[in-house]
Amino acid sequence: MMQTRPPIAAVEQASRARPLPRWLRGGLRFARRWPLGAVGAAIIVVMILVAIAAPLVAPYHPLETDFAAQFSPPTLAHWLGTDAFGRDLLSRLIYGSRTALLVGFVSAFVGATLGALIGVASAYFGGRIDLLMQRLVDLFLAFPIIILALAVVSILGTGVSNVIMAITVPMIPNCARVVRASALAVRQMPYVDAARAAGYGHGRIIFRHMLPNVMAPYLIMLTAYVGQAILLEASLSFLGLGVAEPTAAWGLMLRGAAVEFAETAPWLAIFPGLAISLGVFAFNLFGDALRDALDPKLRVL
Amino acid sequence: MHRYMLRRLLLMLPTLLGVAVLVFLLMRVVPGDIVEMRFAEGQFFNAELVAKERARLGLDRPLWRQFLDWLWGMVRLDFGLSMWSGNPIAHEIALRLQLSLQLALMATVVAVLLAIPLGTLAALRQDTWVDYVARVFAIAGLAMPSFWLGIVMFIILLAVFHWIPPMVFTPLWENPWQNLAQMIWPALAVGYRFSAVAMRMTRSAMLEVLREDYIRTARAKGLWQRLIVKRHALKNALLPVLTVIGLEFAFLLGGLVVTEQVFNLNGLGLLFVQSVARRDYTLVQALVLLVAFVYILVNFCVDLLYGWLDPRLRYQ
């Protein structure tokens, strides 16, 4: 009987022989506690990989037209069918993930970061500066987002970088408000007063002492914004105010022929919308789990 | 309480003034003005005619004069004339407001009917399959663009019933049946997203409230679960839900630009896009100010409702 149970030392040695890397163990723990979040993270990883490897994965070039196969329904040659120019829908969806992720990540990162900086500075300085910032934030929140985006695109013209700008601007005040609320609590911490007593400059205190302590709301806003940015980009492109043809973008693919021929060629309308939904869905799933893990009380609207 | 209300009402003014300045400047920064837009359609382009038209619309005056004149009109509730059509702006907006208001109200009804029972159920059965299904339903609602849902609805209606909703708007009092046959689809498409937002808030607020001491007390004294949920938990959990519903409603009035286009609805959203494209300064300014005003007003009303629903809150 004693022989069947391995001695403790051997078990320890066996487990020491193949220690899982720390990030993997952390990931596994996250997946067990928040399975929905893990599903979201998995979809995001696949999306990123597909976007990077687009030329290898896509069966056709996204701009390659084939006038012999216009409006082809899903077949073996074109898995998801073709559009009005005979362009392969699957390939355009794959390349479209590049546009969506680029717009999503860049605008969410810039928007959340600038917003966090403004929120922390507003909470740190307090007084008149805080009041002024809050009035400005109120102003932008009351201003219709779509008008802001419309105006930015009208001034700068269409194109990926302008769309990113149009999406980022309305995000900043939103994030500033949420981060400010957390930063107000951090402001009361003794270590902030200690840093001031030690004679550190405002910049140093904001960047080194306060910003790291509002990381939780910042990260949560960041993931939430990626999904929202993808959705907003799709809406703007659908209106013809976003990314310009012939760039492959999901919202743009829904514009024009997709609606006009919804009856005869429904695949044109269904698949790009599914791609948008799946992408945003994944970021929302992951974002929710992240919020539960980092700061369950935070409410992101 | 009255002082608080008065202060809040006064604080609305600087925000509205800021919105007015912002939209005024924004529209002037956008390249091209209404005269150019209009003459771009015709063949003849003559400098004298352009100057004359600009003078007629008052665009040749200094900016500050234009702004103050417009603001003075706004203060007297005189919205002025649309630069493009020449009709009174109040008339142009009133036509569309019925439609947008009806759609927003219907979507809100859809959202409330879905969100509150589902959100409550998800919170009561936290981490069971009911909760997971409800959460996935909500997250999917946030992920699907409403305009795409509209397109898919058309495809399904056509494939299954060989029928598409009427495309011409009929006011509710003229032919309620016709009106509902058209409006129910956009209301469902928009209401789904709306219900997702409200459901998530209901769930998280319920979860918080259910952990409160007084819920445990209610359980301990043997009250029925149903009574606890209805009387004790839900009433308190509804506060943040109310905020979300109010804000979302304000957004629906002016923000449904894309969905309106898919359903061929001539609402405020479409008017927005058209008037920006035409550089109809006066109309855009009036619209933005209207939407901002509704947003601020809704915020204010929600705050007042808070005090009524939760007497513990003190206004300062």
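Predicted model: local features only at pLDDT ≥ 70, side-chain atom pairs only at ≥ 80, totals over all residues.
Tutor: Residues are numbered from 1 along each chain as its sequence is written, while chains are lettered from A and ligands numbered from 1 in the order in which they are written.

Student: Why are helix 10 of chain B and helix 13 of chain B called roughly antiparallel?

Tutor: Helix 10 (residues 225-255) and helix 13 (residues 281-309) of chain B pack at an angle of about 165°, with their axes 9 Å apart. Angles under 35 degrees count as roughly parallel, over 145 as roughly antiparallel, 65 to 115 as roughly perpendicular and the rest as oblique. The two helices of chain B are therefore roughly antiparallel.

Student: What makes Ala248(A) buried rather than exposed?

Tutor: Ala248(A) has 25 other C-beta atoms within 10 Å. A residue is buried if 20 or more other C-beta atoms lie within 10 Å of its own, exposed if 12 or fewer, and partly exposed in between, with C-beta atoms placed from the backbone. Ala248(A) is therefore buried.

Student: Where is Ala248(A) found, and which residues does Ala248(A) touch?

Tutor: Ala248(A) is in the loop between helix 11 and helix 12 (250-253) of chain A. Not counting residues up to four places away in sequence, Ala248(A) touches Pro62(A), Arg92(A), Tyr95(A), Gly96(A) and Thr99(A); contact requires C-beta atoms, placed from the backbone, to lie within 7 Å.

Terms used: Axes fitted to C-alpha atoms, helices over the stretch in contact; angles between N-to-C directions. Helix = DSSP H or I, 4+ residues; strand = E, 2+ residues; numbered from the N terminus. Contact = placed C-beta atoms within 7 Å.
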